[in-house]
Amino acid sequence: ASASIGVTGLAVMGSNLARNFARHGYTVAVHNRTPTRTRSLIEEFGNEGSFVPAEKPADFVASLERPRRLVVMVKAGEPTDAVIDEFVPLLDPGDIVIDGGNAHFQDTRRREAALRERGIHFVGTGISGGEEGALHGPSIMPGGSAEAYAALGPMLEKISAHVDGEPCCTHIGADGAGHFVKMVHNGIEYADMQLIAEAYDLLRRAAGKTPAQLAEIFRRWNTGMLNSYLIEITAEVLAHTDQDTGKPFVDIVADAAEQKGTGRWTVQIALDVGAPVPGIAEAVFARSLSGHTELRAAARQLSGPQGPALTGADADRLVDRVEQALYASKIVSYAQGWNMIQAAADQFGWDIDLGSVAKIWRGGCIIRAGFLDEIRSAYAANPALPTLLADERFARQLGEAQDAWRAVVTTAAQQGIPTPGFSSALAYYDALRADRLPAALIQGLRDFFGAHTYLRTDREGVFHTEWSGDRSETRK
Ligand code: NDP
């Protein structure tokens, strides 16, 4: 046995992770169901470090130092179970199986419990940053036991991205916590991209900016409070010209956004854990709507506002306002994401350090941004912060942005340009800060038609009004 870690599943993610370990001086055992992938990894990149290729699972396992550390990097779902079933009989108590795929956190909880019975550690690990991240340093979100992390964490920290000398990897919490947090990361990514798309759409259609001008605007925004990877690549995409037609690239791409499923999971599970994440939900639904070409074709004749687009100073003012609206909406969607993590932690008994989640997303992953440092500071100042909106600094920034934010939503409505992300974020902000919500009326209606009862603001107890009788109130 000579390899300190093994990777099975050598498609793009697995081979890049294996190379990342090897480039950091680890001897890496490599295996893939179809051996040609293993061979081509060694042929192309074998000189980057020390690899131990194996074609048979037994040889692969035999080449690992104990406790064995085995990374599974295969297609999520049934293939992961198939690989676990194949390898587990070859392992011993104390060995560690790491699932780096995009698993559903409930699958991870199930697998962790099953392997724990055999004394084997199962570490469901979120890995973000795509293929580039896997090779050069991803953001890594391991779940599983603290004991497993003690034996594995230092290696993962070493190959992760680093920001200010700190690794973008930390032990998230027990069993499925790592995959849960990775899923919420992807949900937030959906929301970020939706907000960016709305900013682009508004400034293009309501302020008449060209893609080239917009590329410059996003480039400028990237030097300010919105500084982030997604804003940076938005400028790149908007500046790109189609080589065939000479048109802006954004104009030759079909306007139906696809999704692989982690955004949808985030929304489904948010409903299960009772965490309101309307920003993520709007983003998922907006992608879904964009793909309904038949609905859109059927509705194309509906009338819209006739107002002229903004020009001159009005158009330029809108640019500044949209920057504010984008930032404020982003704070709101991150607040929703963090609350969802907290809700799941409460429900599943995970001890998650909310500030450290912000810390490890500062580098390596798709939503990396300067802004995450502020979230980290907010939780450092108050680890029990009930919502990011209550943090002094964020509250002040939202207060400063709100006039611009409201103007943007108003302009969008007047111009007939959909901004579900901006509008829903503003509605969330206004709902949280409201003294009274109309939920009181909803309770009244529920009691009227279904005798569902209500609580009073001024008395203890559960009440019902005899709506079809004399309208007297009874205590239940
Ligand atoms: P794929 O998701 O395309 O999976 C291909 C790999 O899975 C191949 O090695 C394939 O082996 C193996 N595989 C499939 N079915 C089986 C099976 N029944 N038994 C054994 N092996 C099987 O590869 P990616 O590299 O794109 O992703 C790997 C994992 O990482 C996935 O879970 C993905 O969701 C996740 N991920 C991907 C990211 C990305 O940017 N692509 C980012 C973060 C996570 P074979 O060669 O024999 O077919």
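This is a predicted model: local features need pLDDT of at least 70, side-chain atom pairs count only at pLDDT 80 or more; totals for chains, interfaces and linings use all residues.
1. Overall build. The chain has 20 helices and 12 strands. Its radius of gyration is 25 Å, close to the 23 Å that the globule rule gives for 476 residues, so the chain is as compact as a globular protein of that length. Taken along the principal axes, the box filled by the C-alpha atoms is roughly 75 × 70 × 45 Å.

2. Burial, surface and contacts. Of the 476 residues, 50% count as buried. The accessible surface comes to about 22200 Å², and carbon and sulfur atoms account for 51% of that area. Among contacts between residues at least 6 apart in sequence, 67% join residues at least 24 apart.

3. Aromatic pairs, Phe105 with Phe180. The structure holds 16 aromatic pairs. One of them is formed by Phe105 and Phe180; this pair is edge-to-face, with 4.9 Å from centre to centre and 90 degrees between the planes. Phe105 lies in helix 5 (residues 105-117) and Phe180 in helix 8 (residues 177-205), so the pair ties together parts that are 75 residues apart in sequence. Both Phe105 and Phe180 are buried.

4. Aromatic pairs, Phe105 with Trp350. Phe105 also pairs with Trp350: the ring centres are 5.9 Å apart and the planes stand at 80 degrees, so this pair too is edge-to-face. Trp350 is in the loop between helix 15 (312-348) and helix 16 (354-360), while Phe105 is in helix 5, so the pair ties together parts that are 245 residues apart in sequence. Relative accessibility is 2% for Phe105, which therefore counts as buried. Trp350, at 5%, likewise counts as buried because its value is under 20%.

5. Aromatic cluster. Separately listed is one aromatic cluster, made up of Tyr327, Tyr334, Trp338, Trp361, Phe371 and Phe394.

6. Gly49. This glycine is found in the loop between helix 2 (35-45) and strand 3 (50-53). Is Gly49 buried or partly exposed? With a relative accessibility of 28%, Gly49 counts as partly exposed, because the class covers values between 20% and 50%. The C-alpha atom of Gly49 is separated by 8.2 Å from that of His24, and the two residues are 25 apart along the chain.

7. Cis peptide. The peptide bond that joins Arg66 and Pro67 is cis, with omega about -5 degrees. Pro67 lies in the loop between helix 3 (57-62) and strand 4 (69-72).

8. Positive phi at Thr453. Thr453 has phi near 70 degrees, a positive value in a residue other than glycine. Thr453 is found in the loop between helix 20 (439-450) and strand 10 (454-455). At 19% relative accessibility Thr453 counts as buried, because the cut-off for buried is under 20%.

9. Positive phi at Arg471. Phi of Arg471 is near 65 degrees, again a positive value in a residue other than glycine. The place of Arg471 is in the loop between strand 11 (462-465) and strand 12 (473-475).

Terms used
Residues are numbered from 1 along each chain as its sequence is written. Side-chain values use heavy atoms; hydrogens and water are left out. Helices (H or I, at least four residues) and strands (E, at least two) are DSSP runs, numbered from the N terminus. The radius of gyration is taken over C-alpha atoms; the globule rule is 2.2 Å times the number of residues to the power 0.38. Buried means under 20% relative accessible area, exposed over 50%, partly exposed in between (1.4 Å probe, protein chains only). Contact means heavy atoms within 4.5 Å. Accessible areas come from the Shrake-Rupley method with a 1.4 Å probe; for residues, only the protein chains shown count as cover. Rings of Phe, Tyr and Trp (its six-membered ring) pair if their centres lie within 6.5 Å; planes under 30 degrees apart count as stacked, over 60 as edge-to-face and the rest as tilted.
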